[in-house]
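Q: Could you walk me through reading a helix and the loop that follows it?
A: Gladly; let's take them in turn.

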Amino acid sequence: MGESKLGNSASYWILHMSTIILTANLWGMYRKEWQGVAKKTKYTIGAGIAIILLSVVLVGIGNSV
């Protein structure tokens with residue numbers, strides 16, 4: 001459904017998939033599913049979220065140029 005609403009461009013697919021991943025991870029943090037894991041795992045999840053957010057910003061900049 002998300003793809004049909006956004007269009008067929010590759011950048012829209014990237015934004016759609018990153019939204020799914022971010023929502024799932026943030027929902028897991030909210031529901032405390034990551035409680036009790038090693039600190040290294042939490043840092044890895046945080047780094048992954050930061051990389052996804054950075055990539056979304058870069059795709060946005062690329063689309064506006």
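**Reading a helix and its loop**

A: Ser18 counts as buried, at 8% relative accessibility (buried is under 20% relative accessible area, exposed over 50%, partly exposed in between, with a 1.4 Å probe and protein chains only). This is a predicted model, where local features need pLDDT of at least 70, side-chain atom pairs count only at pLDDT 80 or more, and totals for chains, interfaces and linings use all residues. Residues are numbered from 1 along each chain as its sequence is written, and side-chain values use heavy atoms, leaving out hydrogens and water.

Q: Where does Ser18 lie, and what is Ser18 in contact with?
A: Ser18 lies in helix α2 (helices are DSSP runs of H or I, at least four residues, and strands of E, at least two, numbered from the N terminus). Leaving aside neighbours within four places in sequence, Ser18 is in contact with Ile52 and Val56 (contact means heavy atoms within 4.5 Å).

Q: Which residues of α2 are buried?
A: An α-helix has 3.6 residues a turn, so residues three or four places apart point the same way. Here the buried ones are Ser11, Ser18, Leu22, Asn25 and Gly28. Seen down the axis of α2, they fall within an arc of 125°, so they line one face (the arc is that of directions from the helix axis to the C-beta atoms). Their cover includes α3 (39–64), while Trp27 and Tyr30 are exposed on the other side of α2.

Q: What phi does Lys32 take?
A: Most residues other than glycine have a negative phi. Just after α2, Lys32 takes a positive phi of about 60°. Lys32 lies in the loop between α2 and α3 and is exposed, with a relative accessible area of 56%.
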